[in-house]
Amino acid sequence: NGKTIIAPSVLSADFSRLGDEVEAVCRAGADWIHLDVMDGHFVPNITFGPPVIKAIRDRTKKVFDCHLMIAPVAPYIGAFACAGCDIITVHVEATTHLDRSLQAIRDVGCKAGVSLNPSTPESVIEYVLDRLDLVLLMTVNPGFGGQAFIPAVVDKVRRVKSMIGRRPIHIEIDGGVTQETAPLVSAAGADVLVAGSAIFKGGSEEAYAENIAAIRTA
Ligand code: DX5
Ligand code: ZN
């Protein structure tokens, strides 16, 4: 639907032309840019860090939505803020002191998010709701683009929606989002959809625009 925020994951972009890809996907209708940071330790893949984010920061004014799949995460929050991230999301499974990490994110002037792996119950956010701007529910096991959507998480979306009540907290979905799966999570209460492979397939700005429109109208 029209109010849904679409956040393309540049994980599926052409890294040799990353700045141009960010510009193209923004012109094609992206609302936010989703940045998947992986460390080869918390997840079995390695992507990029603050210098790369800083290098593409001036290509758009859109929100930089940074998904940190790294452990430990606390020592790096300041560096990602300095690189130009607007939202910083940490995995609950990657930080021993979730409350402290969320405070640290707001202390550096960013919006704070927490991400839950598919098997992690939503109860972990119960006592940090007042420190949260976003809950990111993984619908794949983090590490790679192009994996299949895990339908069991749809129920968790509904539960998180009811837990947050009237608080202004986004519910973001990440992994296997397509025009087929988007309506399931939107109906359950998600308002931010991350998509990598479904948006960057086709490799051109025209294709990105079609792909974003297909998810938006699904
Ligand atoms: C997975 C990443 C996702 C990924 C999504 O670890 O967090 O953002 O890029 O890719 P698709 O949309 O292809 O599942
Ligand atoms: Zn992500």
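Asp-36 is in contact with Ser-9, Leu-11, Thr-47, His-67 and Met-69, leaving aside its neighbours within four places in sequence; contact means that the two C-beta atoms, placed from the backbone, lie within 7 Å. Asp-36 lies in strand β2. With 24 C-beta neighbours inside 10 Å, Asp-36 counts as buried. The cut-offs, with C-beta atoms placed from the backbone, are 20 or more other C-beta atoms within 10 Å for buried, 12 or fewer for exposed, and partly exposed in between.

This is a predicted model: local features need pLDDT of at least 70, side-chain atom pairs count only at pLDDT 80 or more, and totals for chains, interfaces and linings use all residues. Residues are numbered from 1 along each chain as its sequence is written, while chains are lettered from A and ligands numbered from 1 in the order in which they are written.

**Annotated positions**

- The UniProt feature "active site", from an unreviewed entry, is placed at Asp-36 and Asp-174.
- UniProt positions follow the numbering used here, feature names are shortened, and annotations may be inferred rather than shown by experiment.

- His-34 is placed in strand β2. It is buried, with 27 other C-beta atoms within 10 Å.
- Beyond its neighbours within four places in sequence, His-34 is in contact with Ala-7, Pro-8, Ser-9, Asp-65, His-67 and Val-194.
- Asp-174 sits in strand β7 (residues 170–174). Its 25 C-beta neighbours inside 10 Å make it count as buried.
- With neighbours within four places in sequence left aside, the contacts of Asp-174 are His-67, Leu-136, Met-138, Thr-139 and Val-194.

**Ligand 1**

- The shell around ligand 1 holds 21 residues, and the closest are Ser-9, Pro-142, Gly-145, Gly-196 and Ser-197. A residue is near a molecule if its C-beta atom, placed from the backbone, lies within 6 Å of it.
- At least two shell residues come from each of β2 (32–38), β8 (192–195) and α7 (197–200).
- Helices (H or I, at least four residues) and strands (E, at least two) are DSSP runs, numbered from the N terminus.
- By class, the shell has seven nonpolar, 12 polar and two charged residues. Nonpolar covers Ala, Val, Leu, Ile, Met, Phe, Trp, Tyr, Cys and Pro; charged covers Asp, Glu, Lys and Arg; the others, Gly among them, count as polar.

- Strand β4 (residues 87–91) is mostly covered, with five of its five residues buried.
- Ile-87, Thr-89 and His-91 point one way from β4, while Ile-88 and Val-90 point the other way.
- β4 pairs in the parallel sense with strand β3 (residues 63–69) over four bridges. Pairing requires at least two DSSP bridges between two strands.
- Leu-68 has Val-90 in β4 as its bridge partner.
- Strand β5 (residues 111–116) runs parallel to β4, joined by five bridges. Here Ile-88 stands opposite Ala-112 in β5.

**Crossovers**

- β3, helix α3 (residues 77–82) and β4 form a right-handed β-α-β unit.
- From β4 the chain crosses through helix α4 (residues 98–107) to β5, again as a right-handed β-α-β crossover.
- Right-handed means that, with the strands pointing away from the viewer, the path from the first strand over the helix to the second runs clockwise.
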